[in-house]
Amino acid sequence: MIEDINRDVFVRIQTDLLVVGDSIMTDRHHASNGNYEDDDPQNQIGGIIPAFPLSGWLRHGMEEVVHKYDGTACHPGEASANFMKSDVYERDLDDGYHEKGACTDNPKEDDGCVVFDLFGGFGGVPGKVMRRPIKFNPVRSSVDYTRGQAEGHYRRLNRNIVSRNREDNREPLRNAEVDAVANLDGCWHLSFRETKPEFIGLLAESIDFLDLHKTDFMHQLGGARNFGAGIVDCHLINPLYEERELKRVFDRGKGNTNKMDEKDDQWAEEYRPAFVEALEERIGEGP
Ligand SMILES: [Zn+2]
């Protein structure tokens, strides 16, 4: 069954507002079509949402799924990274995590736990899933969903940072400008260096988990969550779809073809349960 799954899979990501620190890269000086005022709602600015925050968001969802099946996951941080936080680290190790890389004696030979297998990050091993950045563009007709792109509208938000000292009476200290993407809708492209049934099972389960927990603070994406950014609707686009079927998902004028409905049934009834079972088995074998 796994041989029917392409190395490239896509997750649909929709959010009203996303703030990724100051790390959204824009093309405002190049492709803005003469309209590059960043506070103009009609601006033509596109840009890139880097892979790093997306990757952390997904990984956290995957860790929760591993915990649900009574497994432990590789800790995302280095054991020696920050001794100031060693109590937090120790607490995590008691709570569903093992030390990063502790699941494998030889990372080049032995795959370790499923999270390590996917994300690597120890002993020079890169992990088997490549997480790509999302390129966004405000003009839907120039968005190529099959290449992991999205429609999205660049915004610059202004925030007043006020003093928290009571006696200062909320005196403004400074004004901060924050890069944001509004009304994002598109595809996040993941490529597997190697496909395994448990990888697809874990991806499917974790995307469902993240969608279900999208309003939980800790499963939101990016920053500025305290003012409502980063609540993401997400779902795994049926990995059995072909390219033209994937495009059709984003075509508001068209619905599913019969073939797509058929594939949805196959996915839900045969493929997904088999892949989730493979995941349970892999986790059951221990880290
Ligand atoms: Zn591990």
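Asn183 is found in strand E9, which covers residues 172–192, where strands (E, at least two residues) and helices (H or I, at least four) are DSSP runs numbered from the N terminus. Although Asn183 is not a glycine, its phi is positive, at about 45°. Most residues other than glycine have a negative phi. With a relative accessible area of 44%, Asn183 is partly exposed; here buried means under 20% relative accessible area, exposed over 50%, and partly exposed in between, with a 1.4 Å probe and protein chains only. A positive phi also occurs at Asp70, a residue other than glycine whose phi is near 65°. Asp70 lies in the loop between H1 and E4, and with a relative accessible area of 74% Asp70 is exposed.

These values come from a predicted model, in which local features need pLDDT of at least 70 and side-chain atom pairs count only at pLDDT 80 or more, while totals for chains, interfaces and linings use all residues. Residues are numbered from 1 along each chain as its sequence is written, and side-chain values use heavy atoms, with hydrogens and water left out.

For the protein as a whole, the secondary structure comes to 6 helices and 10 strands, and buried residues make up 46% of the 287 residues. Of the contacts (heavy atoms within 4.5 Å) between residues at least 6 apart in sequence, 66% join residues at least 24 apart.

The zinc site brings together four residues: the ion is coordinated by SG of Cys74, NE2 of His98, SG of Cys103 and SG of Cys113, at 2.1 to 2.3 Å. Donors are N, O and S atoms within 2.8 Å of the metal (3.2 Å for Na, K and Ca), and because water is not among the atoms, sites may look incomplete. In sequence the donor residues follow the spacing C-x23-H-x4-C-x9-C. Cys74 lies in strand E4 (residues 73–74) and Cys103 in the loop between strand E5 (97–98) and helix H3 (114–119), so this pair ties together parts that are 29 residues apart in sequence. Both Cys74 and Cys103 are buried. The angles among the 4 donor atoms run from 104 to 113°, and the site is tetrahedral, a term used for four donors if all angles lie between 85 and 135 degrees. The ideal angle for four tetrahedral donors is 109.5 degrees.

Helix H4 takes part in two helix contacts described here. Two packed helices are described by the angle between their axes and the distance between the axes. Axes are lines fitted to C-alpha atoms, for helices over the stretch in contact, and angles run from 0 to 180 degrees between N-to-C directions. The axes of H4 (residues 197–212) and H6 (residues 258–284) come within 7 Å and cross at roughly 105°, which makes H4 roughly perpendicular to H6, the term for angles of 65 to 115 degrees. On the H4 side the contact includes Pro197, Phe199, Ile200 and Asp208, and on the H6 side it includes Trp267, Phe275, Leu279 and Arg282. The residues of this contact divide into 10 nonpolar, 1 polar and 5 charged; Ala, Val, Leu, Ile, Met, Phe, Trp, Tyr, Cys and Pro count as nonpolar, Asp, Glu, Lys and Arg as charged, and the others, Gly among them, as polar.

The axes of helix H1 (residues 51–68) and H4 come within 8 Å and cross at roughly 105°, which makes H1 roughly perpendicular to H4. Among the residues making this contact are Trp57, Leu58, Met62 and Val65 of H1, together with Leu203, Ile207, Phe209 and Leu210 of H4. The residues of the contact of H1 with H4 divide into 10 nonpolar, 2 polar and 3 charged.

Tyr241 is placed in the loop between strand E10 (233–236) and helix H5 (243–249), and at 13% relative accessibility Tyr241 counts as buried. Not counting residues up to four places away in sequence, Tyr241 touches Leu246, Val249, Asn256, Met260, Lys263 and Asp264. The C-alpha atoms of Tyr241 and Met260 are separated by 7.1 Å, with the two residues 19 apart along the chain.

Ile161, placed in strand E8 (residues 149–162), counts as partly exposed at 24% relative accessibility. With residues up to four places away in sequence left out, Ile161 touches Glu171, Pro172, Leu173, Arg174 and Ala176.

Conventions. Angles under 35 degrees count as roughly parallel, over 145 as roughly antiparallel, 65 to 115 as roughly perpendicular and the rest as oblique. Four donors count as tetrahedral if all angles lie between 85 and 135 degrees; four count as square planar and six as octahedral if opposite donors are over 155 degrees apart and all others between 65 and 115; anything else is irregular.
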